[in-house]
Amino acid sequence: AQILDFLNGRCSLEEASEKAITLTRTYIRRQMTWLRSFPDLHWIDMENKSPELIAEEAAILLLPEVSP
């Protein structure tokens with residue numbers, strides 16, 4: 001929407017960019033608030049991890065343990 005405003009001459013590119021950043025941050029805050037409402041939510045730290053390790057951690061959380 002912000003790019004369309006710029007392309008239609010309703011604002012400058014800088015204004016469109018600033019508004020997009022502000023709206024994105026607002027959206028992130030709303031999503032984080034919503035996610036905190038799930039008490040059983042498990043967060044997986046993805047920083048500096050390989051996709052394989054992330055998938056392994058997710059599988060441990062999602063798949064029931066197999067009994068011997």
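User: Why is W43 called exposed?

Analyst: Its relative accessible area is 56%. Exposed means over 50%, buried means under 20%, and partly exposed is in between, with a 1.4 Å probe and protein chains only, so W43 counts as exposed. Keep in mind that this is a predicted model, where local features need pLDDT of at least 70, side-chain atom pairs count only at pLDDT 80 or more, and totals for chains, interfaces and linings use all residues. Residues are numbered from 1 along each chain as its sequence is written, and side-chain values use heavy atoms, leaving out hydrogens and water.

User: Where does W43 lie?

Analyst: In the loop between α2 (13-35) and α3 (51-62). Helices here are DSSP runs of H or I with at least four residues, numbered from the N terminus.

User: What makes the nonpolar surface patch?

Analyst: Y27, I28, M32, W34, F38, L41 and W43 make it, at about 740 Å². Patch members need over 30% relative accessible area and no salt bridge, and nonpolar side chains (Val, Leu, Ile, Met, Phe, Trp, Tyr) are joined within 5 Å. F38 is at 39% relative accessibility, so it passes that 30% cut-off while still counting as partly exposed.

User: Why is the pair of W34 and F38 edge-to-face?

Analyst: A search of the whole structure finds one aromatic pair. The ring centres of W34 and F38 are 4.9 Å apart and the planes sit at 85°.

User: How many salt bridges does the structure hold?

Analyst: Two. K49 also forms one with E57, where the closest N and O atoms are 2.7 Å apart. K49, at 27%, and E57, at 25%, both count as partly exposed.

User: Why is L13 partly exposed?

Analyst: L13, in helix α2, has a relative accessible area of 48%, so it falls between the cut-offs for buried and exposed.

Definitions and conventions
Salt bridge = Lys/Arg side-chain N within 4 Å of Asp/Glu carboxyl O. Phe/Tyr/Trp six-rings, centres within 6.5 Å; stacked < 30°, edge-to-face > 60°. Patch = residues over 30% accessible without salt bridge, like charges linked within 9 Å, V, L, I, M, F, W, Y side chains within 5 Å. Areas by Shrake-Rupley, 256 points an atom, 1.4 Å probe, with all protein chains shown as cover. Helix = DSSP H or I, 4+ residues; strand = E, 2+ residues; numbered from the N terminus.
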